[in-house]
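Let's walk through this one together, question by question. Have a look at the sequence and the model first.

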Amino acid sequence: MIGPRVRRLPCLVLLATAVLVTGCVGPSRTDADYHRKASNSAEAMRSAVETGRLVADLVLRDRAFGNYANVAATEAEQAADGVQAAFDSVQPPSTAADDVREKFDALLQAATGALGDLRIAVRRHLLGDVRKAADDLKKISAQLEPLVGV
Amino acid sequence: MKKMLQVTLGILTAIGGFVDIGDLVANALTGARFGMSLAWVVLVGVFGIILFAEMSGRVGAITGRPVFDLVRERLGVRAGLANLFASFFINFLTVIAEIGGVALALELATSVNYLLWVPIVAVLLWVTIWKIKFESMERLYGLMGLCLLVFAVALWKLGPDWGSLWGDASNPTVPRGEGHPTWIYYAIALFGAAMTPYEVFFFSSGAVEERWTKKDLMLNRANVYIGFPLGAFLSLAIMACSASVLRPRGISVDTLSQVALPVSVALGKLGLAVVLIGFFAATFGAAIETLMSSGYTVAQYFGWQWGKYVAPKQAARFHVVMLVTLLLATMVTLTTIDPVKVTEYSIVLSAAALPLTYLPILVVANDREFMGDKKNSRVTNFFASIYLVIIMVVAVITIPLMLATKAGA
């Protein structure tokens, strides 16, 4: 007889898989771990920012349809929102980590804001504003660069 | 001349039909993250699918019966049921991913949220399956899928550093900053995308639908030996485009819009229009194939009348299975679940379930009672055995790797 315990095993394995796989951002116990999470967030944010820059470049050179550019810019902004929300949900483990949080969060907010500006400009087809958003994103990308892979 | 045209059409269909949402996402994602260092997996995967698709097409042509039907008869009810559960579950995930993929392609073209497209896509799918003949359906979306060749044109236009791409591909190493487990995890994702089980079920059932006989074995081989490698060429072009445009910028692929970016960079609006048609055709064609595969597997297991070669009234249960699958998949897609994430999980989980599909095919293709003198040759069995070992290893390590890498995060 196999017994109910063994029969329950696949369910437990499935549950554990779901919990582990979906638990993308966990708590940070040390400063080093917090820095690593900040670095991962910087990498993800740079991806969204660079996507936004590429979309802006395509719009400025008239190489993409408005509908497509709108969707791509919106998705880049949503990705940035997700990165920021995930980082903000991590509990800083010390007061030293609070400083990191404050500075880094400001950069993440600037990135999300610039991507929002890009989305608005793309939807209204205001090329001057698209250029400005692209310039802002370029600066933010340069600021994120040193934080990636630290 | 007519035969020649049929062979050419079959090959073109196989190329266009090779790529689905799983291939689009997996190739673009790995190209952006790992460059061409995982290109070898596409080659390993395509050789495997060639091996087993040829077998299943041959089984269909010789016996006039599809693989799933014979699996139950040859391996018994229990083994057949395990096969059915695994295949149906993976198939179901793929249907969700493909429906989401069609809706996302339409969103890119219209800027109307993909969720609003989902019910319309579901209706279109049902009408297509209900009204259009099997052969016309296969050809239409297969040929439209050829639009994805625009990735190859875009790559040529981008003028990348060919030496660097070749160096990456021919000397595969884990890129700096990436761990071995993550690299292997994505290798499995690519392998799973290339060897998706629905492809063989659809191929063998298609052979019966099109009433292939011994005389059509040449057509079977042409489709598989020429069409599939050219389809793999398409996959590599997608990967190389991502490696050339997205990787240097540190862009990771999370959306379908990012997959199209390199084409837009290289070819502008015209290229973008072609690639969007390609996205639509590839995902819509694959949605039809996966839906029909769901009907095929269930109906063939229970011994019901199946197929489009008979009137829907005569194969009512087959059509009901497809309709219920479509409705459920549509409902799941409408929960706002991310179709790209579903795609990523479906290809990895399909890799974990591969032995349940490919081992029975090998057994049936070796059965002299069914196949007569057209059973597998020694060379085929030699390579198939190697693949079974690979498939077993992949199946064992997939889930632990998924946990260890947090699904490749």
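Q: How many residues of chain A are in contact with chain B, and how many of chain B with chain A?
A: This is a predicted model, where local features need pLDDT of at least 70, side-chain atom pairs count only at pLDDT 80 or more, and totals for chains, interfaces and linings use all residues. Residues are numbered from 1 along each chain as its sequence is written, while chains are lettered from A and ligands numbered from 1 in the order in which they are written. Counting a contact as two C-beta atoms, placed from the backbone, within 7 Å, the tally is 21 residues of chain A and 26 residues of chain B.

Q: Which helix of chain A gives the most to the side that touches chain B?
A: Helices here are DSSP runs (H or I, at least four residues), numbered from the N terminus. Helix 1 (4-22), helix 2 (31-60) and helix 3 (66-88) of chain A each supply at least two residues to that side. The top contributor, with seven residues, is helix 3 of chain A.

Q: Which element of chain A has the lowest mean pLDDT?
A: pLDDT is the predictor's confidence in each residue, from 0 to 100, and chain A has a mean of 84. Over residues 1-24 of chain A, though, the pLDDT is below 50. Where pLDDT is low, the predicted coordinates should not be read in detail. The lowest element mean in chain A is 47, and it belongs to helix 1 of chain A.

Q: What ipTM does the predictor give the complex?
A: Chain B averages a pLDDT of 88, with 96% of the residues scoring at least 70. For the complex, the predictor gives a pTM of 0.88 and an ipTM of 0.87.

Q: At roughly what angle do helix 7 and helix 13 of chain B cross?
A: Take lines fitted to C-alpha atoms over the stretch in contact as the axes, with angles from 0 to 180 degrees between N-to-C directions. The axes come within 8 Å and cross at roughly 150°.

Q: Is Asn220(B) buried or exposed?
A: Asn220(B) is found in helix 12 (residues 217-245) of chain B, and its contacts beyond four places in sequence include Glu54(B) and Trp212(B). A residue is buried with 20 or more other C-beta atoms within 10 Å of its own, exposed with 12 or fewer, and partly exposed in between. Asn220(B) has 21 of them, so Asn220(B) is buried.
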